[in-house]
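Hi there,

Here is the structure I promised to pass on. Have a look at it first, and then read my notes below.

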There are 2 protein chains.
Amino acid sequence: MLRMAEPIIHHRHVEFKELFNRVSANLRYLFQTSSDVLTLTSSGTGAMEAAVSNLHSAGESALYVNGGKFGERWGELLAAYGVQGIELKIEWGEALSTEEILNALQAHPTVKAVYLTQSETSTGAATDVQALAAAVRKHSQALVVVDGITAVGAMELRMDDWGLDVVVTGSQKGLMIPPGLAFLAISRRAWASVEQARLPRYYFDLIRARKSLASKDTPWTPAITLVEGVDVALEMIRKQGIEAVWKRHARLARSIREAAQALGLKILARHPSNALTALWIPESVNAKDFNDVLKNKYGITVAGGQGHLKGKIFRISHLGYYDELDMISMISALEMTLMELGYRFEAGAGVRAAQKVLTKDEEAR
Amino acid sequence: MLRMAEPIIHHRHVEFKELFNRVSANLRYLFQTSSDVLTLTSSGTGAMEAAVSNLHSAGESALYVNGGKFGERWGELLAAYGVQGIELKIEWGEALSTEEILNALQAHPTVKAVYLTQSETSTGAATDVQALAAAVRKHSQALVVVDGITAVGAMELRMDDWGLDVVVTGSQKGLMIPPGLAFLAISRRAWASVEQARLPRYYFDLIRARKSLASKDTPWTPAITLVEGVDVALEMIRKQGIEAVWKRHARLARSIREAAQALGLKILARHPSNALTALWIPESVNAKDFNDVLKNKYGITVAGGQGHLKGKIFRISHLGYYDELDMISMISALEMTLMELGYRFEAGAGVRAAQKVLTKDEEAR
């Protein structure tokens, strides 16, 4: 986006205030909330830290779901700040059920918050945030905090309707711009906790950020060129309509899943995310050869597995800028790579299955 | 810089590692150090927080010099993290003497660190970091931490020769690129403190950053487009030579100061910074009119005073991209504005005084 290379406006000037006001309003639309959405200059992890350091005081406890690298990060953050993190560990690729969350709340009735991950990037698993949040809200006072880093803008998320308290995301995922900004949406109920929270924080102090937001500014100099980029992205999303954006991601994701099935490739996640798909590399195929052919012959870099899944899975992103033909190209490169490596399947079956999906309109979710 | 609008490279790819390795090496040159320089995605304040949260454990104490908004920020950060901050308050525009720092160290011999501000942006005052650091190192074990946010790249700073332990800066000042990155240089002696420090931190955890630096990476997704921008800026500084860059800033700053004197305008700071100059608005001139004419007629926005100096001073930046003719334009606009507002002086005297300086070579410092 060329706008990000134009001369820089100063963040205390009126031009920035107008821009930032429009961005903040469009962010509320993105998160489907009438509450504040704060803009932080950091990666998404910075916004996750802001949630933890602003909601708690020393000695409190919180539940967190660990089904992969990013769920695990909630646990690391809670530990770093001396909050007792009660881990709900699930198999990588699995998602937590409402029954499991209710059992955990019964066993730990005083937890201050429940930390979820809507789209677990290390496994491609989706969490039914709507159902879990409803269960939590019905049976407890715990705040519901959601890592929406690869979910926001890709999967249905209705902060107010679903009763979510904090949702965080980053700039380089569903918002399609370079990394460097993070966003944190926060409910009125959560603000009450922030006002009482006593953990140390300064750069990520949300009360300072709220005060600045009221005068259309940020407490510290923001990454202005990225704010300009996100303005363009949000106007685009607003124009298309958020439901249409969710539907597009659902359709692209389904095309990959149907193609995988037609090729006999297994999906890791039982409830897959619409932001990315993690597939098992067939046993007959060497992982290194697979990545090398994809990259060197077709210019496609797929993400590998992390932790114990290293060398066993590959992950395809379909979040953000991608369109129908990107999916077809990807599947076709995948077919040609598998062919070259001796994996047996009906050539063209993946592309055909994807085309079938991509010519239909798809329901969101 | 158009390079910041090009397609984004992924931070785990080899292209990024090469870029980041070159940037990290050039940052060591910028800070004149053989120690690590870490790149953080945040404003300069984030790097200031990283210094505080990584050096201390609860219950420790530290000295900080408060001669303006940014010195005050060290105090706020120490307080936010429960470190006892012992304030050395000086008049705005003044600088601390070595005698004063030695007296303070004698009164508080157990302080863990001394926090300085090389160029106090709210007043345009410069601190003689070299002399203060030498005094501290000679008489105590305290770490020397320097806010170099408007100083690095504008004023002489030799981290290793001067025995500094931590120096921080931001991307949008001496490095001339948009805001969003901060840099923190850290001595071997300071690393020993970081390893023992027990304050909570995660996003700004410097040990994680050091570990990633060893594999030419950052722990969290960095603001990649800004890293590309800073690469260009650092190559430029390296080509000119850091001494030449310091000298250019010294010459530009002196041209403004000589012009001010020729116009009868008083400089706020007794030891002025080469990054910016704060001048008193003449008593006969209304501050609002002054700013309005400068902005509306000549398109120049000067920064005003903060705190008790609001409406009393104006601050001219000469940090980063500025050249000789920018200074002449600025001084000329200043003369014409003062003329229009009835302030009496010899027309052209400011420009003439500046020209005299700008045609000479100037010593650094």
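Predicted model: local features only at pLDDT ≥ 70, side-chain atom pairs only at ≥ 80, totals over all residues.

Helix H1 (residues 14-31) of chain A and helix H9 (residues 224-240) of chain A have axes that come within 9 Å and cross at roughly 45°. The crossing of H1(A) over H9(A) is left-handed.

On the H1(A) side, the residues that meet H9(A) are Phe16(A), Leu19(A), Phe20(A), Arg22(A), Val23(A), Asn26(A), Leu27(A), Tyr29(A) and Leu30(A). Their partners in H9(A) are Ile224(A), Val227(A), Glu228(A), Val230(A), Asp231(A), Leu234(A), Glu235(A), Ile237(A) and Arg238(A). By type, the residues of this contact between H1(A) and H9(A) come to 12 nonpolar, 1 polar and 5 charged.

Next, helix H3 (residues 69-80) of chain A. H3(A) has 12 residues, and from its first C-alpha to its last it reaches 16 Å, close to the 16 Å expected at 1.5 Å a residue. Buried in H3(A) are Phe70(A), Gly71(A), Glu72(A), Arg73(A), Trp74(A), Gly75(A), Leu77(A) and Leu78(A). These buried residues pack against several elements of chain A, among them helix H2 (44-55), strand S2 (61-66), strand S3 (84-89) and strand S7 (143-147). After H3(A) comes Gly82(A), with a positive phi near 70°.

Now to where the two chains meet. Chain B and chain A each give 31 residues to the contact. On the chain B side that touches chain A, helix H2 (44-55), helix H3 (69-80) and helix H9 (224-240) of chain B each supply at least two residues. That side of chain B divides into 18 nonpolar, 10 polar and 3 charged residues.

Is Ala190(B) buried or exposed? Ala190(B) has 25 C-beta neighbours inside 10 Å, and the cut-off for burial is 20 or more, so Ala190(B) counts as buried. Leaving aside residues up to four places away in sequence, Ala190(B) touches Leu55(B), Leu143(B), Asp165(B) and Val166(B). Ala190(B) also lies 9.8 Å from Ala113(B), C-alpha to C-alpha, with the two 77 residues apart in sequence.

Technical notes. Residues numbered from 1 in each chain as written. Chains lettered and ligands numbered in written order. Axes fitted to C-alpha atoms, helices over the stretch in contact; angles between N-to-C directions. Helix = DSSP H or I, 4+ residues; strand = E, 2+ residues; numbered from the N terminus. Left-handed = near helix turned anticlockwise from the far one by under 90°. Contact = placed C-beta atoms within 7 Å. Nonpolar A, V, L, I, M, F, W, Y, C, P; charged D, E, K, R; others polar. Expected span 1.5 Å × (residues − 1). Buried ≥ 20, exposed ≤ 12 C-beta atoms within 10 Å, placed from the backbone.
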